[in-house]
Amino acid sequence: MDTALLPDQSQPGGAGSPALPKAVLFDLDGTLVDTEPYWIAAEHELTARHGVAWTHEDAMRLVGNPLLVSAGILRDAGVPMEPADIVTWLVARVRERLVGQVPWRAGVLPLLAALNEAGVPCAIVTMSYRELAEVVAAGAPEGTFATIVPGDEVARGKPDPEPYLTAAERLGVDAADCVAVEDSPVGISSALASGARTIGVEAVVPVEERAGLSRFRSLDGVGLELVARVAAGDVVDRY
């Protein structure tokens, strides 16, 4: 992306208001879209096919992980497939449900629209693979996302900071000048480690309090003023 072509970023409020971030970097599953139930259902279907016991607690262990890590856990639990084949199977199942019906989480589309109108580039930073991220991006207005960093295009997945650092680099900005939005403990660790100001939003697991972490129950009602406050270094806890 040519950052020279980005619109000027305006203040979200009047004189003295904090400036908007250089970019906002969004996790996908559980943050932008309510797909964690899709993944969990696919895991249960796969394990049931092979007679492997799989509990809700087991599924919670996989939330936010790189897909090959989760596939390794499923294989260790007894699924007689190679991790790469497990990933292929799970991705296909989730994609089937996504095509034509993207389950956006509350408040996401208005926030994305406001950020785009203000000239703030948005990115998807996910451990899902590109084929899934592109389905979601296609369900938003054209041009909503400036770049996608999927799990199949990084050497070290979350909780390593590489995915968020890669997104910032592609946008030509410093991660410390970005706001990241996450839902899982693994993803929050990745975002914080990158230096991005980080917002944790609850999905299927609680968002535990951490130093420097802003927390919201939902993105519903979250607008430019709150994003600007987080970008300025305020820790906003509405949990």
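Predicted model: local features only at pLDDT ≥ 70, side-chain atom pairs only at ≥ 80, totals over all residues.
Residues are numbered from 1 along each chain as its sequence is written, and side-chain values use heavy atoms, with hydrogens and water left out.

**The chain as a whole**
- The protein chain holds nine helices and seven strands; helices (H or I, at least four residues) and strands (E, at least two) are DSSP runs, numbered from the N terminus.
- A compact globule of 239 residues would have a radius of gyration near 18 Å, and the 18 Å of the protein chain agrees with that; the radius is taken over C-alpha atoms, and the globule rule is 2.2 Å times the number of residues to the power 0.38.
- Along the principal axes, the C-alpha atoms fill a box of roughly 65 × 35 × 30 Å.
- Of the 239 residues, 53% count as buried (buried means under 20% relative accessible area, exposed over 50%, partly exposed in between, with a 1.4 Å probe and protein chains only).

**α7 with α8**
- The axes of α7 and helix α8 (residues 185–194) come within 7 Å and cross at roughly 50 degrees; axes are lines fitted to C-alpha atoms, for helices over the stretch in contact, and angles run from 0 to 180 degrees between N-to-C directions.
- Pro163, Tyr164 and Leu165 of α7 meet Gly187, Ser190, Ala191 and Ser194 of α8, where contact means heavy atoms within 4.5 Å.

**Glutamate 169**
- Helix α7 (residues 162–171) also carries glutamate 169, which is exposed at a relative accessible area of 63%.
- Between the C-alpha atoms of glutamate 169 and arginine 217 there are 29 Å, with the two residues 48 apart along the chain.

**α1 with α4**
- Helix α1 (residues 36–49) packs against helix α4 (residues 83–98) at an angle of about 130 degrees, their axes 9 Å apart.
- That angle makes α1 oblique to α4.
- Residues making this contact include Trp39 and Leu46 of α1 and Trp89 and Arg93 of α4.

Conventions
Parallel < 35°, antiparallel > 145°, perpendicular 65-115°, else oblique.
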